[in-house]
Each structure stands twice: as structure tokens, then as C-alpha cells.
Amino acid sequence: MADEALAFAARKAGHDLPHGWNTPGQTPLPLLDGPSIVDVNTGFARHSVLGLQGLYRDLGKKRKPTTERFVLNQLHRTLYQRVGRTLESLLTSEFGLSELHFSAPTFVARLQGSAAWRARDVHDEYWHPHVDRNNTAHYHYSALLYLAEGGGEDFSGGEFQFMDPEGNFTVVPRAGRVVIFTSGQEHLHRVRPVTQGVRYAISMWFTCDAAMAMPQFLDGKMHNTFHAKREAGKKRQRRHLPRNHRVKAPKDEL
Ligand SMILES: O=C(O)CCC(=O)C(=O)O
Ligand SMILES: [Fe+2]
């Protein structure tokens with residue numbers, strides 16, 4: 001799915017990038033209506049048909065075993081890493097930051113719309129208003145890169161909206177359009193349901209907490225250290241914020 005999204009973006013930019021689930025001997029199940037979301041660092045994925053999957057390993061006894069996996073090839077990895085570096089330097093310069101780190105999880109999301117589709121459970125309901133830092137405490141800056149055109153071209157619906165009692169601010173996704181913002185309460189937001197077509201987006205998060213930096217190896221091994229790191233991070237954040245912690249005050253500085 002991540003490879004499909006990156007190949008789609010590359011084709012839009014005039015490059016031919018192959019994709020396909022590259023586990024030998026398995027027939028890929030097509031992605032259908034609804035959301036499919038991949039975290040290429042930790043290997044957690046939600047397939048629109050199969051539900052929760054592990055890209056790099058089975059997710060354990062309590063989870064469904066992985067029946068299909070894929071890994072990003074070197075071209076996809078290079079592209080993804082370049083996106084991460086570009087967004088990081090954009091945030092650093094726009095917000096005048098002295099320190100910022102690429103973090104995890106990050107997502108490649110594919111939302112396929114149709115009038116007939118209904119969410120199976122709350123995890124399918126991608127349209128709820130939310131605050132990114134409420135989901136993951138070490139997120140300080142959010143960056144979105146859209147890979148497909150909204151406004152009825154590649155898909156309809158799927159607008160991004162900052163929610164504000166004085167009036168929402170709506171962004172129509174365009175291939176190559178980037179949205180950056182601080183990840184706290186000041187930026188409650190949502191995605192409107194996709195009603196037709198396929199919407200691809202990359203969401204990345206960056207942190208001022210050096211301990212939560214994730215090197216972008218994308219090698220299928222990140223999940224081995226991620227969980228422990230995240231748990232340690234949660235404890236540290238409960239105790240105190242690191243000395244070099246610096247989150248710029250919101251909105252009026254944007
Ligand atoms: O895809 C988008 O426009 C936003 C996604 C988002 O808000 C998130 O992943 O937290
Ligand atoms: Fe979000």
C-alpha cells in the first residue's frame with residue numbers, strides 16, 4: 001500500500017516507479033473501499049479488507065496472523081526518506097527551530113471512497129476531529145503531504161479541516177501540497193469522508209524530544225526497539241520535559 005501510494009505519486013510527477021506486494025508466492029488481496037493505513041517504521045498496517053496486519057512479522061497470538069506482507073524496495077525507501085528530510089527542514093525553517101527530530105509512528109494513508117461503503121468499526125472512522133498530540137504525546141509538529149488531487153479529480157470529499165468555533169479552515173488536498181502545524185490542542189482537525197476515488201497522503205510527525213527521534217532506516221527492524229522507546233518516553237514525559245524541549249506557541253505565530 002505504501003509502495004502503491006509512492007508509485008502513484010511518482011507517476012504523477014512523470015516517473016515510472018514499480019509497485020506490488022513483493023512477497024513471493026502470494027496473491028495480493030486488492031485494497032477495497034475504506035481506509036488502509038501503513039506505518040512503515042513499526043510495520044503496523046490496517047488493510048481495508050484484512051484489518052490489522054504486521055508488515056514485517058506476525059502480530060502475535062492475540063492478533064490475526066499476517067497473511068500478506070510487503071516491504072518497500074530501495075526506491076520507495078529513498079523517496080520516503082527524502083520526504084521526511086524535506087518536511088523536517090521545512091518545519092525547522094518555518095518555525096525557526098533549533099532542534100527537531102523525525103519521529104514515529106508516521107503513516108501512509110489510502111482512503112478509497114464510495115457511497116455504499118460503511119465503516120466496520122471505530123478504527124475505520126478516519127473522519128473524527130482529533131488532536132495529534134492526544135494520540136501520541138511526543139508529537140510536537142505535524143506535516144502532511146498529499147499525493148493525489150482532491151476536488152473531484154482523483155477523489156471527491158476528503159478535505160482537511162482545522163476546526164475552529166469561529167469558522168473552520170478547509171484545505172483541499174492537491175498532489176504535492178504540504179500542510180504543517182503544531183500538534184497540540186490549538187490544532188483540532190479532521191478529514192472529511194472521501195465519497196469517490198482514492199486519496200493518498202503521507203502524515204509525518206516530528207519531535208523536540210531527542211530521545212524520541214527515529215532514524216529513518218525503514219528496514220523492517222524498527223519495531224524491535226520502538227515499543228520500549230515509546231514506553232520509556234511516556235514515563236519521561238510524565239516526570240518532566242527535557243531541558244531542550246521547545247514547542248513554539250501556536251496559531252498567531254503560524
Ligand atoms: O490525511 C490528512 O489530511 C490528515 C491525517 C491526520 O490528521 C492524521 O493522520 O493525524
Ligand atoms: Fe491528525
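Is Glu 153 buried, exposed or partly exposed? Glu 153 is partly exposed, because 13 other C-beta atoms lie within 10 Å. The cut-offs go like this: a residue is buried with 20 or more other C-beta atoms within 10 Å of its own, exposed with 12 or fewer, and partly exposed in between, with C-beta atoms placed from the backbone. You'll find Glu 153 in the loop between β6 and β7 (155-157). Gly 197 is 44 residues away along the chain, yet the C-alpha atoms of Glu 153 and Gly 197 are separated by 8.4 Å.

Before going on, some ground rules. This is a predicted model, in which local features need pLDDT of at least 70 and side-chain atom pairs count only at pLDDT 80 or more, while totals for chains, interfaces and linings use all residues. Residues are numbered from 1 along each chain as its sequence is written, and chains are lettered from A and ligands numbered from 1 in the order in which they are written.

Now zoom out. The chain has four helices and twelve strands (DSSP runs numbered from the N terminus: H or I of at least four residues for helices, E of at least two for strands). Of its 254 residues, 33% count as buried. Take the contacts between residues at least 6 apart in sequence: 75% of them join residues at least 24 apart. A contact here means two C-beta atoms, placed from the backbone, within 7 Å.

Let's look at helix α2, residues 74-94. The spacing makes sense: an α-helix has 3.6 residues a turn, so residues three or four places apart point the same way. After α2 comes Gly 96, with a positive phi near 60°.

Next, the ligand. Around ligand 1 are Phe 107, Ala 109, Asp 132, Leu 144, Phe 160, His 189, Val 191, Ala 201 and Ser 203, each counted if its C-beta atom, placed from the backbone, lies within 6 Å. The elements giving two or more residues to this shell are β5 (107-113), β11 (189-191) and β12 (194-207). By type, the shell divides into six nonpolar, two polar and one charged (Ala, Val, Leu, Ile, Met, Phe, Trp, Tyr, Cys and Pro are nonpolar, Asp, Glu, Lys and Arg charged, and the others, Gly among them, polar).

Strand β11 also holds Arg 190. With 16 C-beta neighbours inside 10 Å, Arg 190 counts as partly exposed. Leaving out residues up to four places away in sequence, Arg 190 touches Trp 127, His 128, Pro 129, His 130, Gln 161 and Met 163.
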